[in-house]
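Thank you all for coming.

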Amino acid sequence: MDDFTKPAVDCFVEALYSGEVDKLEKGIFEEVNKMAHVFDVSWLTKRCLKFYKAEVLKFENNSYEEMLFACEIASRAHYNLKDSRYVSCFVKNVTFGGNGKFVFLQRYMASFSKLPKRRIDMSLA
């Protein structure tokens with residue numbers, strides 16, 4: 001548990017005891033999701049995906065930064081946790097949500113030759 005911040009650990013432990021994720025927020029979401037995967041807490045991995053769909057993919061300003069944050073989470077979940085559901089949700093949201101996929105991809109791919117493989121894969125998704 002030393003790899004995680006105290007707020008993320010507190011949220012995770014409280015969720016295990018209460019069955020609720022009241023303390024889950026964007027800033028600790030990835031850590032809690034990773035713990036849920038590492039410790040194989042299936043109900044919590046489902047709740048994390050639900051949180052991702054409801055909160056992280058809620059682009060309040062339709063800004064590049066919001067989309068990049070959601071995209072990077074999806075990319076890391078796919079590569080680190082072997083969970084492709086986040087990529088699917090991200091692509092569906094950006095494509096069908098009218099959130100400007102082309103504009104996002106244009107900026108995301110700006111320095112194509114320097115991109116790591118996981119970013120190129122996300123661009124092709």
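Let me begin where Pro-7, Ala-8, Val-9, Cys-11 and Phe-12 of helix 1 meet Ile-28, Glu-31, Val-32, Met-35 and Ala-36 of helix 2, a contact being heavy atoms within 4.5 Å. By class, this contact has 9 nonpolar residues, no polar ones and 1 charged. This is a predicted model, in which local features need pLDDT of at least 70 and side-chain atom pairs count only at pLDDT 80 or more, while totals for chains, interfaces and linings use all residues. Residues are numbered from 1 along each chain as its sequence is written, and side-chain values use heavy atoms, with hydrogens and water left out.

Helix 1, residues 6-18, packs on helix 2 at an angle of about 50°, the axes being 9 Å apart.

Turning to the other partner, the axes of helix 2 (residues 26-38) and helix 3 (residues 42-56) come within 9 Å and cross at roughly 155°. These two helices are therefore roughly antiparallel, a term that applies to angles over 145 degrees.

Asn-33 deserves a separate word. Is this residue buried or exposed? At 2% relative accessibility Asn-33 counts as buried, which means under 20% relative accessible area with a 1.4 Å probe, protein chains only. Leaving aside neighbours within four places in sequence, Asn-33 is in contact with Thr-45, Cys-48, Leu-81 and Tyr-86.

Key. Axes fitted to C-alpha atoms, helices over the stretch in contact; angles between N-to-C directions. Helix = DSSP H or I, 4+ residues; strand = E, 2+ residues; numbered from the N terminus. Parallel < 35°, antiparallel > 145°, perpendicular 65-115°, else oblique. Buried < 20%, exposed > 50% of the residue type's maximum accessible area, 1.4 Å probe, protein only. Nonpolar A, V, L, I, M, F, W, Y, C, P; charged D, E, K, R; others polar.
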